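Dear colleague,

My notes on it follow directly after.

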Amino acid sequence: MKTAGKLVVLGSINADHILNLDAFPTPGETVTGNRYQVAFGGKGANQAVAAGRSGANIAFIACTGDDDTGERVRKQLVSDNIDIAPVSVVEGESTGVALIFVNAEGENVIGIHAGANAALTSESVVAQQESIAQADALLMQLETPVESVLAAAQIAHKNHTTVVLNPAPARVLSDELLALVDIITPNETEAEKLTGIRVENDDDAARAAKALHQKGISKVIITLGSRGVWASVEGEGRRVPGFKVKAVDTIAAGDTFNGALVTALLEGEPLDNAIRFAHAAAAIAVTRPGAQPSVPWRNEIDEFLSQQR
C-alpha cells in the first residue's frame, strides 16, 4: 500500500569546507584566507532538506561515514523533518567532503572526496526497495554511483513510484535510465549534455525538451537561472518566470527548487503552482549564504508567496 504523498530522496551527503581568499594560490604558494566555514551540503542532502523544510513526508537514502561529521549531519537531518532510517553509517569511511576555495570575484574551485557516498551501491539500494516501492515519488541526482541511480529508478518504475531526476552534475546518461524517468529538471548545461542542443533562449529550450520527451520523459523542466524555467508536458511547453530578488549566492538554489517542486506536486498542486512554489523557495535561498543554511521553511515560502499577489 502506497503512503499518500510519501517522498524518498536518494543521494549524496557532503560537509562543505569553504575558505574565502582574495585570490587562488598558485602551486607552492600559501595564502591566508579571510573567512572559513563548514556547512552541510551534497546535492542529495540539500534536496532532502528543502523537501523536509517545505513540508514533505520524506525519507532519505544515503551514506555517512562513522565519524563525528556523519553524526552531526544525521542529527541535523532529523531536525529538518527527515526520516533518516535509510541512512547507512559506513564503518571505517569518512563522510563525503567538498573543499571549496572562493576568490574575491565569487569564483570557486572545488575538490571532492566522495567518502561514504561511494558506498551507496546498487546492492544497498535494493536493500531499501520497500521504501522506494511504497513511496509516491523518488527524487535523485548524480553525485552517487550512476548504477545505483539506475537500480533505484528500475524499482520505482516497477512499483509506479514517480521518478524525478535532477541530472546534476552534468553528464551523459544512458537511454535505458532516461526511459525510466517521469520528470527531469536539468539546467541549461545539463540539458545540452543530455541532448546536444545548446540552450540559449526559449526556442532552444523547447527543442531540448522535445529531445528529452522522445527519450520517454513526460515532464521536462529546464531551469534557466534568473529567467525562470521552461516547463514542457508531453511536448506542450512554456516559460514560467521566477521572482526578482537580490542574490547573495546561488549555492543550493537548484537543490532548493527541486525539493520544493516535488513537495508541492505530492500535495496535488498543478504543475504551474508547484513551479511557482519552488521558484519562491529558491528565491529565498539565493538571498542567504551557504547551502543548507539558506534553505527556507514552509512558513517562509507561504509568507513570500502571499506578498506576491
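In these notes, contact, or touching, means heavy atoms within 4.5 Å. The model is a predicted one, in which local features need pLDDT of at least 70 and side-chain atom pairs count only at pLDDT 80 or more, while totals for chains, interfaces and linings use all residues. Residues are numbered from 1 along each chain as its sequence is written, and side-chain values use heavy atoms, with hydrogens and water left out.

Asn166 and its surroundings

Not counting residues up to four places away in sequence, Asn166 touches Gln47, Met140, Gln141, Leu142, Thr185, Glu190, Asp255 and Asn258. Asn166 sits in the loop between strand S10 (162–165) and helix H6 (175–178); helices (H or I, at least four residues) and strands (E, at least two) are DSSP runs, numbered from the N terminus. Its relative accessible area is 5%, so Asn166 is buried. Here buried means under 20% relative accessible area, exposed over 50%, and partly exposed in between, with a 1.4 Å probe and protein chains only. Asn166 and Val220 are 54 residues apart along the chain, and their C-alpha atoms are separated by 10 Å.

Gln47, one of the residues that Asn166 touches, is also among the buried residues of H1. Helix H1 (residues 43–53) has 10 of its 11 residues buried, and is therefore largely enclosed by the rest of the structure. After H1 comes Gly55, with a positive phi near 110°.

The annotated domain and binding site

The unreviewed UniProt entry carries the annotation "domain: Carbohydrate kinase PfkB" for residues 6–297. UniProt positions are given in the numbering used here, feature names are shortened, and annotations may be inferred rather than shown by experiment. The span of residues 6–297 is 35% helix and 25% strand, and its end C-alpha atoms lie 18 Å apart.

Under "binding site", the unreviewed UniProt entry lists Asp249, Ile251, Ala285, Arg288, Gly290 and Ser294. These residues are spread over 46 residues of sequence but cluster in space, the largest C-alpha distance being 9.4 Å.

Are Ile251 and Gly290 buried or partly exposed? Ile251 is partly exposed, with a relative accessible area of 35%, whereas Gly290 counts as buried at 3% relative accessibility. Ile251 belongs to the loop between strand S14 (236–240) and helix H9 (253–266), and Gly290 to the loop between helix H10 (271–286) and helix H11 (298–306). Leaving out residues up to four places away in sequence, Ile251 touches Gly290, Ala291 and Ser294, and Gly290 touches Asp249 and Ile251.

The packing of H10 and H11

Two packed helices are described by the angle between their axes and the distance between the axes. For H10 and H11 the angle is about 105° and the axes are 9 Å apart. The axes are lines fitted to C-alpha atoms, for helices over the stretch in contact, and angles run from 0 to 180 degrees between N-to-C directions. H10 is therefore roughly perpendicular to H11, given that angles under 35 degrees count as roughly parallel, over 145 as roughly antiparallel, 65 to 115 as roughly perpendicular and the rest as oblique.

H10 contributes Arg276, Phe277, Ala280, Ala281, Ala283 and Ile284 to the contact, and H11 contributes Arg298, Glu300, Ile301, Asp302, Phe304 and Leu305.

In H11, Ile301, Phe304 and Leu305 are buried. Because they cover an arc of only 95° around the axis, they lie on the same side of H11; the arc is that of the directions from the helix axis to the C-beta atoms. The buried residues of H11 pack against H10.

His279, also found in helix H10, is buried with a relative accessible area of 8%. Apart from residues up to four places away in sequence, His279 touches Gly228, Val229, Val240, Pro241, Gly242, Phe243 and Phe257.

Two further loop residues

Thr144 is located in the loop between strand S9 (137–140) and helix H5 (146–158) and counts as buried at 6% relative accessibility. Beyond its neighbours within four places in sequence, Thr144 is in contact with Leu10, Gly11, Ser12, Asn117, Leu120 and Val149.

Asn103 lies in the loop between strand S7 (96–102) and strand S8 (108–113), and is buried with a relative accessible area of 7%. Neighbours within four places in sequence aside, Asn103 is in contact with Leu21, Asp22, Ala23 and Phe24.

With kind regards
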